[in-house]
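I opened my notebook to look up how the parts of this model sit together. My entries follow, in the order I made them.

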Amino acid sequence: MGGFLKLMDWKAILEILILWFVIYKIFLFLKGTKAVYLLRGIVILVIAFFVFQKTDLYVLSWLLTKFFAFFLILIVIIFQPELREGLIRLGKRHIFYIEPKQEEIDRLIRAIVSAASIMSKKRIGALMAIKREIGLKNYIESGVMLNADITSEILQNIFFPGTPLHDGGVIIDGTKIVAAGCLFPLTDNPDLERAMGMRHRAAVGLSESSDAVVIVVSEERGSISLAINGQLTKNLSPSDLQTILKGQLEKKK
Amino acid sequence: MKISKIIGYIKEVSIKNVIFNNLWLKLVALGIAIITWLYVNGELTRGIRV
């Protein structure tokens, strides 16, 4: 213990703190993805490596060292989707991001909460993504461009069963419905309930690969859910939805 | 940024939440960070001695 404390100067503490922050962020990023199971395996191997080193088991330690070198390449292949999402998050931050005005946020929240509440009562399925800092151009291009001012009525009209655009998701940017009928990526999160349909999987998927706030209205149960950063909050009342949306959209002010 | 805004932000961020959210994850990350630092530091000092 004394030896450890002797090693600690401010540079060492700073280095450990930076290492801690990076490792913690990697853990947070991997939490809830398939990669977490692989990570557990890696942690066990790392612990085994240190044990072999300390107990002078040279052969096993040498084997693990060689295995790690090979494993680095394997990690890039195995973690490819997670690495891609991470780089997208890092690289797609808009430098010249203009924050929406308060009255625009209020209008947006009013329209979405009203539409979600009505569609929930009528058991009409809906999927609405609110763009924040990370661009959603890829997903906008998969749908039909609208550029319409947001109103509760337009949202209800889009998702009305049988209409051409009701099947995909809507992307909202500021107070505009930019596109409808958009295809969102499906999550492969193993922790998500099996009962969750494609709409919920798409909502979580988009929230994993961007910072968008995604609202889902279930066609079967009429429940309102919200996906943010890969986390799905289910069975929200319209007032809950309003409170969370306010918190999320006004947060960056 | 106005001082009232800063105070508002501090009030909003609960210290309890900052510490106890994902506590296990934080502890494991800290453990790994310390072990990694000690190992690399040991390797580097050994290298310098050689």
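Predicted model: local features only at pLDDT ≥ 70, side-chain atom pairs only at ≥ 80, totals over all residues.

**Entry 1: a helix across the sheet.** I began with helix α6 (residues 102-121) of chain A, which lies across β1, β3, β5 (213-217) and β6 of chain A. α6(A) runs at about 25° to β5(A). Contact here needs two C-beta atoms, placed from the backbone, within 7 Å. Axes are lines fitted to C-alpha atoms, for helices over the stretch in contact, and angles run from 0 to 180 degrees between N-to-C directions. Helices (H or I, at least four residues) and strands (E, at least two) are DSSP runs, numbered from the N terminus.

Residues are numbered from 1 along each chain as its sequence is written, and chains are lettered from A and ligands numbered from 1 in the order in which they are written.

Entry 2: Helix α10 (residues 238-250) of chain A lies across β5, β6 and β7 of chain A. I read its angle to β6(A) as about 20°.

How do the axes of α6(A) and α10(A) cross? They come within 10 Å and cross at roughly 150°. That makes α6(A) roughly antiparallel to α10(A). The cut-offs are under 35 degrees for roughly parallel, over 145 for roughly antiparallel, 65 to 115 for roughly perpendicular, and oblique for the rest.

I then listed the residues that meet. From α6(A) they include I105(A), I109(A) and V113(A), and from α10(A) they include L241(A), L245(A) and L249(A). By class, this contact has nine nonpolar, two polar and two charged residues. Ala, Val, Leu, Ile, Met, Phe, Trp, Tyr, Cys and Pro count as nonpolar, Asp, Glu, Lys and Arg as charged, and the others, Gly among them, as polar.

**Entry 3: the sheet.** I traced seven strands of chain A in an open sheet, in the order β2-β4-β3-β1-β5-β6-β7. The pairing is mixed. Strands pair if DSSP finds at least two bridges between them. β2 (144-149) and β7 of chain A stand at the edges, each with a single partner strand, so one side of each has no neighbour in the sheet. The twist averages 20° from one strand to the next.

**Entry 4: strand β3.** Is strand β3 (residues 169-173) of chain A largely enclosed or left open? Five of its five residues are buried, so β3(A) is largely enclosed by the rest of the structure. Buried means 20 or more other C-beta atoms within 10 Å of a residue's own, exposed means 12 or fewer, and partly exposed is in between; C-beta atoms are placed from the backbone.

In a regular strand the side chains alternate between the two faces of the sheet. I checked the directions here. G169(A), I171(A) and D173(A) point one way from β3(A), and V170(A) and I172(A) point the other way.

Next I looked up its partners. Strand β1 (residues 126-130) of chain A pairs with β3(A) in the parallel sense over three bridges. I130(A) stands opposite I172(A). β3(A) pairs with strand β4 (residues 176-182) of chain A in the antiparallel sense, over four bridges. There, G169(A) has C182(A) as its bridge partner. β3(A) and β4(A) form a hairpin with two residues between them. G174(A) in that turn has a positive phi of about 65°.

**Entry 5: two asparagines.** Most residues other than glycine have a negative phi. I found N229(A) with a positive phi of about 50°. N229(A) sits in the turn of the β6(A)-β7(A) hairpin. Four bridges join these antiparallel strands, and one pairs I228(A) with Q231(A). N229(A) counts as partly exposed because it has 15 C-beta neighbours inside 10 Å.

N235(A) also has a positive phi of about 50°. N235(A) lies in strand β7 of chain A. With 10 C-beta neighbours inside 10 Å, N235(A) counts as exposed.

**Entry 6: chain B.** I counted three helices and zero strands in chain B. Of its 50 residues, 6% count as buried. I also looked up the interface: 12 residues of chain B are in contact with 11 residues of chain A. The chain B side has eight nonpolar, three polar and one charged residues.
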